[in-house]
Amino acid sequence: MASAYLYRTFGTPTNNKKWTYSLWVKKSAVTGNQAILGCGPDGNNRGLIYFADNGKLYYYETTSGSDTTSIGTTRVFRDPSAWYHIVIAVDTTQGTASNRVKFYTNGVQETSFASSNYPDQNATDKINSAIRHDISARNHASSSDLYLNGYMAEVVFIDGQQLDPTSFGEFDEDSPTIWKPKDVSGLTFGTNGFYLDFENSSALGNDVSGNDNDFTANN
């Protein structure tokens, strides 16, 4: 949907070195840069998770115009008929650089990357800091762009923990080869955490985690 996104200004995080973002996404267009989470006070200082025009999934953190994190998958996401479960899990306190940012697709960890500039140990991120965050858009200052052309479901943000995909999805005995969402209501979400189930069509930004971290809808 053109120019459609949700936005909210985060508060002081539970832990600005640890967070997890989980969502199910289905792309309607396979080309074009399309954001799934973006934040930042200006173009030189931002955090961004997006599908690039080449179909790969990227996570960037930029400070004073320089990339402090730049990680992109070798895998491409080009199937407009498929729902993808994406998890980005961050813990910059980890001693091993590759453990500081983990990507998962449909329950499986990504291990092949086109770019892999990991954050410094104990780095603080723009994502999960006390600035405005946009879902399905890139935010800089008071404007947004790179809108997602597609659908989202079961959007979850965890403040203060680096979780793996089994917190959000599962294979079950009825469909042992199909990865599906699971009940996340029992998770500890942290101060900035939220759960958007999109069940209320008149209030799509309603957070049902219990935190009342509601988002405002644009278009």
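Author: Start with one term: two residues are in contact when heavy atoms lie within 4.5 Å. Now the chain, which is a predicted model. Among contacts with a separation of 6 or more, 64% join residues 24 or more positions apart.

The protein chain has 18 strands and zero helices. Its radius of gyration is 16 Å, close to the 17 Å that the globule rule gives for 219 residues, so the chain is as compact as a globular protein of that length. Along the principal axes, the C-alpha atoms fill a box of roughly 50 × 40 × 35 Å. Of the 219 residues, 48% count as buried.

Now the core itself. In soluble globular proteins, nonpolar side chains tend to be buried together. Here the largest nonpolar core holds 33 residues. Trp19, Tyr21, Ile36, Ile49, Leu57, Ile88 and Ile135 touch the most other members. Several strands give two or more residues to this core, including β2 (18-27), β3 (34-42), β4 (45-51) and β5 (57-63).

Look closely at Ile49. Leave aside its neighbours within four places in sequence. Ile49 is then in contact with Trp19, Tyr21, Ala35, Ile36 and Leu37, among others. Its contacts also include Leu57, Tyr58, Tyr59, Ile88 and Ile127.

There is also a second, separate core of ten residues. Val156, Leu163, Phe168 and Phe189 are among them.

Note on methods:
Residues are numbered from 1 along each chain as its sequence is written. This is a predicted model: local features need pLDDT of at least 70, side-chain atom pairs count only at pLDDT 80 or more; totals for chains, interfaces and linings use all residues. Side-chain values use heavy atoms; hydrogens and water are left out. Helices (H or I, at least four residues) and strands (E, at least two) are DSSP runs, numbered from the N terminus. The radius of gyration is taken over C-alpha atoms; the globule rule is 2.2 Å times the number of residues to the power 0.38. Buried means under 20% relative accessible area, exposed over 50%, partly exposed in between (1.4 Å probe, protein chains only). A nonpolar core is a set of buried Ala, Val, Leu, Ile, Met, Phe, Trp, Tyr and Cys residues joined through side-chain atoms within 4.5 Å.
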